Amino acid sequence: MPRKMKGKDNDMGKVAIYPGSFDPLTYGHIDIVERALEIFDKVIVAIASNAEKRSLFTVGERLEMVKTIFKDTPNVIVDSFKGLLVDYVAKTNAKVILRGLRATSDFEYEFHMASMNRSLNTHLDTLFMMTSKDYFFVSSRTIKEVASLGGAVEGLVPDLVVRRLKEKFKLPVTKKKQIGWDD
Ligand code: PNS
């Protein structure tokens, strides 16, 4: 449930909302959060609970994973929201929606979403950060597909997420699969 920041928190400085499905969280997402903390005083990672989108992990599972991963990062708040993002943002101190851009293929979807959000709330801006080169090819969708087929996703998602994916897909905990001359 979004919380209006109270008391001292009202003076908490620049706050950005980083919304997404995070199904699951990847190192690409973490990279964006870490770089955003260089610009903003707080980043709220807002996990969308979107009934229309079929997710692998429940909102509760995603919240638990993301909270655990950021437990030692005090300037990151992890929350979930239902309904319109602009309504959620209005209940916080954030003025900026933060999104990562991997490639031009992301642009159209992001442009539509940012334009719609701006039309719903003209005081809101969306800030895009380019994904770091190491994570350009990483998306939650491909991570799920690769993991479901037994491929290695270590190094692309945190270890906790690797374990949860293996539990979901009922896969044994194995060493990273590598293709070499001996295969
Ligand atoms: O990680 P995703 O799935 O690309 O994130 C999309 C998300 C959750 C940011 C977007 O679907 C969203 O904001 N959903 C909430 C509903 C909403 O406000 N829709 C209007 C935006 S066009």
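Select Lys170, in the segment after α6 (159-168). Helices here are DSSP runs of H or I with at least four residues, strands are runs of E with at least two, and both are numbered from the N terminus. Lys170 has a positive phi of about 50 degrees, although it is not a glycine. Is Lys170 buried or exposed? Its relative accessibility is 73%, so Lys170 counts as exposed. The classes are these: buried is under 20% relative accessible area, exposed is over 50%, and partly exposed is in between, with a 1.4 Å probe and protein chains only.

Some ground rules before the next stop. This is a predicted model, in which local features need pLDDT of at least 70, side-chain atom pairs count only at pLDDT 80 or more, and totals for chains, interfaces and linings use all residues. Residues are numbered from 1 along each chain as its sequence is written, and side-chain values use heavy atoms, with hydrogens and water left out.

**The whole chain**

Zoom out and switch to cartoon. The protein chain has 6 helices and 5 strands. Follow the sequence and you read β-α-β-α-β-α-β-α-β-α-α. Of the 183 residues, 43% count as buried.

**The loop between β1 and α1**

Select Phe22. Phe22 sits in the loop between β1 and α1. Phe22 also has a positive phi of about 50 degrees and is not a glycine. Phe22 is buried, at 3% relative accessible area.

Step on to Pro24, in the loop between β1 (15-20) and α1. Look at the peptide bond that joins Asp23 and Pro24. The bond is cis, with omega about 5 degrees.

**Helix α1**

Now select residues 27-36, helix α1. At its start, a side-chain oxygen of Thr26 reaches to within 3.1 Å of the backbone nitrogen of Gly28. How many of the 10 residues of α1 are buried? The count is 7, and the helix is mostly covered. Among them are Gly28, His29, Ile30 and Asp31. Ile32, Val33 and Ala36 are also buried residues of α1.

**The ligand**

The ligand takes up the space of the largest pocket. A pocket is found on a 1 Å grid over the protein atoms alone: it is an open set of points where a 1.4 Å probe fits, with protein on both sides within 12 Å along at least five of seven lines. A molecule sits in a pocket if more than half of its atoms lie within 2 Å of the pocket's grid points.

Which residues come nearest to the ligand? Of the 13 around it, they are Ser21, Lys53, Leu85, Arg99 and Tyr109. A residue is near if one of its heavy atoms lies within 4 Å.

- Ser21: a side-chain N or O atom is 2.5 Å away.
- Leu85: a backbone N or O atom is 2.8 Å away.
- Tyr109: a side-chain N or O atom is 3.1 Å away.

On its own, the ligand has 550 Å² of accessible area, and the protein covers 78% of that. Areas come from the Shrake-Rupley method with a 1.4 Å probe.

Color the shell by residue type. It divides into 7 nonpolar, 4 polar and 2 charged residues. Ala, Val, Leu, Ile, Met, Phe, Trp, Tyr, Cys and Pro count as nonpolar, Asp, Glu, Lys and Arg as charged, and the others, Gly among them, as polar. Helix α4 (residues 104-120) gives the most to this shell, with 4 residues.

**Arg99**

Arg99 is buried, at 15% relative accessible area. Its side chain makes a polar contact with the side chain of Glu110, at 2.8 Å. Such a contact is a pair of N or O atoms within 3.5 Å; within protein, one must be able to donate a hydrogen and the other to accept it, and residues adjacent in sequence count only if both atoms are side-chain atoms.

**Last stops**

Select Phe107 in helix α4. Phe107 is partly exposed, at 43%. The C-alpha atoms of Phe107 and Phe128 are 9.8 Å apart, across 21 residues of chain.

Finish at Ile143, in helix α5 (residues 140-148). Ile143 is buried, at 2% relative accessible area. From Ile143 to Leu165, 22 residues apart in sequence, the C-alpha distance is 9.2 Å.

Conventions:
On a 1 Å grid over the protein atoms alone, a cavity is a set of points where a 1.4 Å probe fits but cannot get out, and a pocket is an open set with protein on both sides within 12 Å along at least five of seven lines; lining residues have an atom within 4 Å of a point.
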